[in-house]
Amino acid sequence: MRNQTAIFIPELNKRNQSLIPDSERRTQITVPQAGKRSQTTILISEPNKMYCDLLRKAFYVVRTRFQVVASASTTAEILIGIEETRPHVAVVSGNLQDGPLTGIRLLPEIRRINSDTRTLVALEAPEPDLVIEAFRFGADGVFCRNSPFDLLCKSVEAVSQGQIWASNDELRYVLNAFAKSSKQRKMDSNVEGRMTKREAEVVRLAVEGLSNREIGQQLGLTEHTVKNYLFRVFDKLGVSNRVELVLSCLRQEEDVREDIGAEQRNMAPPR
């Protein structure tokens, strides 16, 4: 069994909700049972509807802990289920009936509909590129489909509590990719506004993968001073280490791309 790491990541912002046309509402939905607040509500998705049924039955065995409130096999069905049931966790298959990787690309839209829903992406195999893309698009965790069911239950519980679910190797993929990227990353203006100018300079270099010593050399600071700056930033952002800071910046980067794309679509002249 792989070692799993659970890391707390605070939600950075709230996204606007969107509506799904009534004509597309086909998702299988179960109304959450009243008086069972201790349950974690789940949306499950599989490209094969038979596998959806099998997964629903598996969760029924542990129904004191979980309640499946919707199941889906397409992107449209997932969005309908998110909008109508607002589950605590959505277990999103990386591949859906719509095609390969459509589940991963759907993650930003899930967050727009209900930012309180946590997302766990189910992958056929923990390939580095897939893991990186899942977290870049906003996943709260990744899960390998050939892992035991009890580990799936643990992963659902972890992300429902605001944690990141990933193995040590999977986290290393993300951190290595982030450090190797040569482009400068733009922090969210609301987040950057909570820092001093010097703190923001330290953070930019930290998320690029530089060590405290290397940051100090570039900014003319001692290693101890850099560490103090980072601790103050961690406290301001509600994170506790560099891993959380990097994953937070991954989400911010995707949010900025979405906002820019939306602005460009709004500015485009009508055809």
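How many aromatic pairs does the count come to? The count comes to 3 aromatic pairs in this predicted model.

**View 1. F59 and F66 form an edge-to-face pair.** Their ring centres lie 5.5 Å apart, with the planes at 70°. Both residues are buried.

**View 2. F59 also pairs with F149.** This pair is edge-to-face as well, at 5.1 Å centre to centre and 65° between the planes. F59 belongs to helix α1 (residues 49-61) and F149 to helix α6 (residues 149-160), so the pair ties together parts 90 residues apart in sequence. Buried or partly exposed? F59 has 1% relative accessibility and therefore counts as buried. F149, at 29%, counts as partly exposed. Ring pairs join F59, F66 and F149 in a cluster.

**View 3. R63 places its charged end over the ring of Y60.** The distance to the ring centre is 4.2 Å.

**View 4. The largest nonpolar core holds 28 residues.** I78, I110, V121, F135 and V142 touch the most other members. Elements giving two or more residues include β4 (66-72), α2 (75-85), α4 (107-113), β6 (118-123) and α7 (168-180). Helix α5 supplies the largest share, 4 residues. In soluble globular proteins, nonpolar side chains tend to be buried together.

**View 5. I110 and its contacts.** Setting aside neighbours within four places in sequence, I110 is in contact with I78, L79, I82, V92, T117 and T119. Another core, of 21 residues, lies apart from the largest one. Among its members are F178, V202, Y229 and V233.

Technical notes: Residues numbered from 1 in each chain as written. Predicted model: local features only at pLDDT ≥ 70, side-chain atom pairs only at ≥ 80, totals over all residues. Heavy atoms only, no water. Core = buried A, V, L, I, M, F, W, Y, C linked by side-chain atoms within 4.5 Å. Buried < 20%, exposed > 50% of the residue type's maximum accessible area, 1.4 Å probe, protein only. Contact = heavy atoms within 4.5 Å. Phe/Tyr/Trp six-rings, centres within 6.5 Å; stacked < 30°, edge-to-face > 60°. Lys NZ or Arg CZ within 6 Å of the ring centre and 35° of its normal.
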